[in-house]
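Student: I would like to learn how to read a protein model step by step. Could you take me through one, giving the general idea before the particular case?

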Amino acid sequence: MAKWLIVAGLLLLLLGVVFHYAPGLLSWFGKLPGDIRIESDRSRTFIPITSMIILSVVLTVLLNIFFRR
């Protein structure tokens, strides 16, 4: 369990570094066709359906690759 927490922490650190030093690298996220953005004068609603489906597929493939040794 401790190893997985360390790995998760390192991945979060890496993701934070990417967001800080290369924010344009992930600028496509949330702007795909199928992502819903509703803006009015008093509120904003954002539902990234397509982005979450792509993220889910990528994570599923990566986890299957790493855990099937």
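Tutor: We shall go from the overall layout to single residues, keeping in mind that this is a predicted model.

Student: What share of the residues counts as buried?

Tutor: Of the 69 residues, 6% count as buried. The protein exposes about 6,400 Å², and carbon and sulfur atoms supply 71% of that area. If you take the contacts between residues at least 6 apart in sequence, 3% of them join residues at least 24 apart.

Student: How should I read helix α1, and how many of its residues are buried?

Tutor: The general idea is that an α-helix has 3.6 residues a turn, so residues three or four places apart point the same way. In this structure, α1 has 20 residues and reaches 29 Å from its first C-alpha to its last, which is close to the 28 Å expected at 1.5 Å a residue. The number of buried residues in α1 is 0, so this helix lies largely in the open. Val 18, which is found in helix α1, counts as partly exposed at 24% relative accessibility. Leaving aside its neighbours within four places in sequence, Val 18 is in contact with Pro 23, Leu 25 and Leu 26.

Student: Is Ser 51 buried or exposed?

Tutor: Ser 51, which lies in helix α2, is buried, with a relative accessible area of 0%; the cut-off for buried is under 20%. Not counting residues up to four places away in sequence, Ser 51 touches Phe 29, Gly 30, Leu 32 and Asp 35.

Student: How do the strands β1 and β2 run, and how many bridges join them?

Tutor: The general idea for a strand is that, when it is regular, the side chains alternate between the two faces of the sheet. In this case strand β1 (residues 36-39) and strand β2 (residues 44-47) run antiparallel and are joined by 4 bridges. The two strands form a hairpin, with 4 residues between them. Glu 39 has Arg 44 in β2 as its bridge partner. Arg 44 counts as exposed, at 71% relative accessibility, and, not counting residues up to four places away in sequence, Arg 44 touches Ile 38 and Glu 39. The C-alpha atoms of Arg 44 and Leu 62 are separated by 33 Å, although these residues are 18 apart along the chain.

Student: How many aromatic pairs does the structure hold?

Tutor: With aromatic rings, one looks at the separation of the centres and then at the angle between the planes. The structure holds 1 aromatic pair, formed by Trp 4 and Phe 67, which is tilted, with 5.3 Å centre to centre and 50° between the planes. Trp 4 lies in helix α1 (residues 2-21) and Phe 67 in helix α2 (residues 49-67), so the pair ties together parts that are 63 residues apart in sequence. Both Trp 4 and Phe 67 are exposed.

Notes
Residues numbered from 1 in each chain as written. Predicted model: local features only at pLDDT ≥ 70, side-chain atom pairs only at ≥ 80, totals over all residues. Heavy atoms only, no water. Phe/Tyr/Trp six-rings, centres within 6.5 Å; stacked < 30°, edge-to-face > 60°. Buried < 20%, exposed > 50% of the residue type's maximum accessible area, 1.4 Å probe, protein only. Contact = heavy atoms within 4.5 Å. Areas by Shrake-Rupley, 256 points an atom, 1.4 Å probe, with all protein chains shown as cover. Pairing = 2+ DSSP bridges. Expected span 1.5 Å × (residues − 1).
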